[in-house]
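Biologist: I am new to this one. Please show it to me, and let me ask what the terms rest on.

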Amino acid sequence: MGVAVEVDGLTKSFGSQNIWSDVTLTLPPGEISVLLGPSGTGKSVFLKSLVGLLKPERGSIVINDTDIVRTSEHRLYEIRKLFGVLFQDGALFGSMNLFDNIAFPLREHTRKSESEVRRIVLEKMDMVGLQGAEGKLPGEISGGMRKRAGLARALVLDPEIILFDEPDSGLDPVRVAYLNQLIVDLNAQIDATFLIVTHDIGTARTVPDNLGLLFRRNLVMFGPREQLLTSQEPVVRQFLNGRREGPIGMSEEKDVAQVEAEMAALEARGGDSHNGIGPKGASGGEAVPPQLEPSEGLPERQGARRRQERVARMLHEFDETTAAAIRRSLPEDLLARADAGAYAPTTGTNGRHWAADADSGATATTATAVLPRRREGDG
Ligand SMILES: Nc1ncnc2c1ncn2[C@@H]1O[C@H](COP(=O)(O)OP(=O)(O)OP(=O)(O)O)[C@@H](O)[C@H]1O
Ligand SMILES: [Mg+2]
């Protein structure tokens, strides 16, 4: 089972430029989470902080009881082995063929024999559909194949946590669909904890268990996918609908009067649900589409099972619309338990975390963090 990543009060600046402040969220073990946010809001900086490549100045990132913001170099080196990272550009070595690229972490970090290395590399290449391409150079293959080679390389050390930085950028829509299925299938097979940064709203709507949005140096929201997909928060709705009207501007924040005028005009046109299909899979409307399932013949996702119980405990946390959407994803027995009051709320730090009941044997805290709304004009 993948491990949990617990982020609390994390703040990162470069010099006087604050990137984000007080980010608090939990990536539950074995679940798939997606992080959204306009360009430049610090999503890549967040991923790099999780693997210890960047040092936030405040807050903690706890993995296996170690706060990696403050741990020793030696311990950080050990913790890093838990991670597989698919960087934004695949980050392959141009002069090495795919086999050597994918074998690289094994040769660097382990003492496995060449025959063992060969077995693992071929197994991972097979997993991502690259069989037969071992001898190709990165320059000789398509962008989609490079992404998959990067993914195979991220998998060779059997990671417990996998970070994907825009795995779908630059891919055609069919390949994005295949990649999304591959991600869900991988999760079912290895039960690792996944965090995906993407701008593809279709992916955000159908792949993850949890969904979050970074905006204006804050984590605006992070929680079960239904929470964001049914949210009325203006910035969340703007992003998920891929429209110009709303608080997010091209390069700067818009002023309140402009946003209000835009929203009034949008309302006059009938609102989002009549907007049709927007870019990057951003569709109008409020529906929560079904989540992608593993391909036939694969085991069911352990993370999805654990999540059902986790969100059943959180039901009363949400407004009616969100709770109704979550209920549709739950089996009868869990719903009955939730309705019978079997899951008493337990508040953790800042009232943002929900801890599993002490007697349940589960250790995962849940993934909800809702920052207080910034209401423009509220004084
Ligand atoms: N090493 C660094 N030193 C100084 N500033 C940095 C560094 N890395 C990132 N930044 C700044 O942090 C901000 C966030 O960058 P980041 O790459 O995380 O954005 P992003 O959300 O991933 O954007 P995109 O969606 O375009 O990939 C940017 O203003 C960037 O210039
Ligand atoms: Mg980025």
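**Terms put to the test**

Modeller: Helix 1 (residues 43–50) gives the most to the shell around ligand 1, with 3 residues. This is a predicted model: local features need pLDDT of at least 70, side-chain atom pairs count only at pLDDT 80 or more, and totals for chains, interfaces and linings use all residues. Residues are numbered from 1 along each chain as its sequence is written, while chains are lettered from A and ligands numbered from 1 in the order in which they are written.

Biologist: What makes a run a helix or a strand?

Modeller: Helices are DSSP runs of H or I with at least four residues, strands are runs of E with at least two, and both are numbered from the N terminus. The protein has 13 helices and 11 strands.

Biologist: Which residues surround ligand 1?

Modeller: Among them are Phe-14, Gly-40 and Lys-43. A residue counts as near if its C-beta atom, placed from the backbone, lies within 6 Å of the molecule.

Biologist: Why are strand 1 and strand 2 called paired?

Modeller: Pairing takes at least two bridges found by DSSP. Strand 1 (residues 5–14) and strand 2 (residues 17–27) have 7, in the antiparallel sense, so they pair. Lys-12 stands opposite Trp-20 in strand 2. In the hairpin, Gly-15 takes a positive phi near 60°.

Biologist: How do you know what span to expect of helix 11?

Modeller: The expected span is 1.5 Å times one less than the number of residues. Helix 11 (residues 302–314) has 13 residues, so 18 Å is expected. Helix 11 reaches 19 Å, close to that.
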